[in-house]
Amino acid sequence: MKNLKFSRLFAAAMLVACFAFAGCTPQTKEVLVEKVYVVRPLTNTDAIVGKWDDGYEDYWVYTGYACQYAPNKVETASYGAHDSTVYIQETSENSGYLYYKFSQPISLYGVGEVDVTGKWGAIAYQNLTSTSVQMCDANYMDQKWAGSLAECVKQYTKENNYFEYITTVFTKINE
């Protein structure tokens with residue numbers, strides 16, 4: 001009889017211990033890792049390279065296209081043509097940013113001509129396919145100019161509200 005009481009007491013203690021251990025969850029340390037996107041020079045094989053048109057008849061449109069991107073040149077309807085090494089940061093398979101150095105003054109709506117030669121500019125794009133893309137130039141109305149590529153990458157982002165008109169759809173011009 002004593003063994004039976006001990007067995008029941010032992011079984012009950014083991015059951016309580018199992019429940020106690022089962023209720024414990026290991027302490028985990030949550031680590032936030034910021035995703036890093038590589039910024040590299042644009043190449044002729046990148047899908048964004050070429051001439052693009054937004055379909056608007058506009059004073060700032062070049063002959064047959066609204067903007068053009070090449071590894072060593074950017075032309076935009078908003079800020080003109082600039083000879084510069086162009087850099088790309090792909091944030092997904094079909095979206096990202098282009099960065100370039102201004103090679104001449106630009107005209108800002110309501111402000112006039114601003115000498116930004118040597119400063120950095122940015123273009124955001126999304127939903128890139130072989131025939132279309134949504135994109136826009138950064139809005140520089142705050143006139144906070146990036147003096148380096150690193151500053152440009154950090155400052156000119158969608159999250160910082162520099163690309164409010166990114167919904168404009170452009171069609172690739174085949175030549």
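Rings of Phe, Tyr and Trp (its six-membered ring) count as a pair if their centres lie within 6.5 Å, with planes under 30 degrees apart called stacked, over 60 edge-to-face and the rest tilted. By that rule, ring pairs link Tyr79, Tyr100, Phe102, Tyr140, Trp145, Tyr156 and Tyr162 into a cluster. Keep in mind that this is a predicted model, where local features need pLDDT of at least 70 and side-chain atom pairs count only at pLDDT 80 or more, while totals for chains, interfaces and linings use all residues. Residues are numbered from 1 along each chain as its sequence is written, and side-chain values use heavy atoms, leaving out hydrogens and water.

**Overall layout**

- The protein has two helices and twelve strands, taking helices (H or I, at least four residues) and strands (E, at least two) as DSSP runs numbered from the N terminus.
- Along the sequence the order reads α-β-β-β-β-β-β-β-β-β-β-β-α-β.
- Of its 175 residues, 35% are buried, where buried means under 20% relative accessible area, exposed over 50%, and partly exposed in between (1.4 Å probe, protein chains only).
- Take the contacts (heavy atoms within 4.5 Å) between residues at least 6 apart in sequence: 53% of them join residues at least 24 apart.

**Aromatic pairs**

- The whole structure holds ten aromatic pairs.
- One of them is Phe102 with Trp145, edge-to-face at 6.3 Å centre to centre and 90 degrees between the planes.
- Phe102 sits in the loop between strand 7 and strand 8, and Trp145 in the loop between strand 11 and helix 2 (149–155), so this pair ties together parts 43 residues apart in sequence.
- Phe102 is buried at 2% relative accessible area, and Trp145 is buried at 19%.

**Nonpolar core**

- A nonpolar core here is a set of buried Ala, Val, Leu, Ile, Met, Phe, Trp, Tyr and Cys residues joined through side-chain atoms within 4.5 Å.
- The largest one has 39 residues, with Ile48 and Tyr156 making the most contacts inside it.
- Strand 3 (67–70), strand 7 (95–101), strand 8 (106–108), strand 10 (120–126) and strand 11 (132–137) each give it two or more residues.
- Strand 10 provides the largest share, five residues.
- Leaving out residues up to four places away in sequence, Ile48 touches Leu42, Tyr69, Ile88, Leu98, Tyr125, Leu128, Val133 and Met135.

**Strand 3 and its partners**

- Strand 3 is covered on both faces: Cys67 and Tyr69 on one side, and Gln68 and Ala70 on the other, are all buried.
- Strand 2 (residues 50–53) runs antiparallel to strand 3 and is joined to it by three bridges; strands pair if DSSP finds at least two bridges between them.
- Trp52 has Cys67 in strand 3 as its bridge partner.
- Strand 4 (residues 73–76) also pairs with strand 3 in the antiparallel sense, over three bridges.
- A hairpin joins strand 3 to strand 4 through two residues, and Tyr69 stands opposite Val74 in strand 4.
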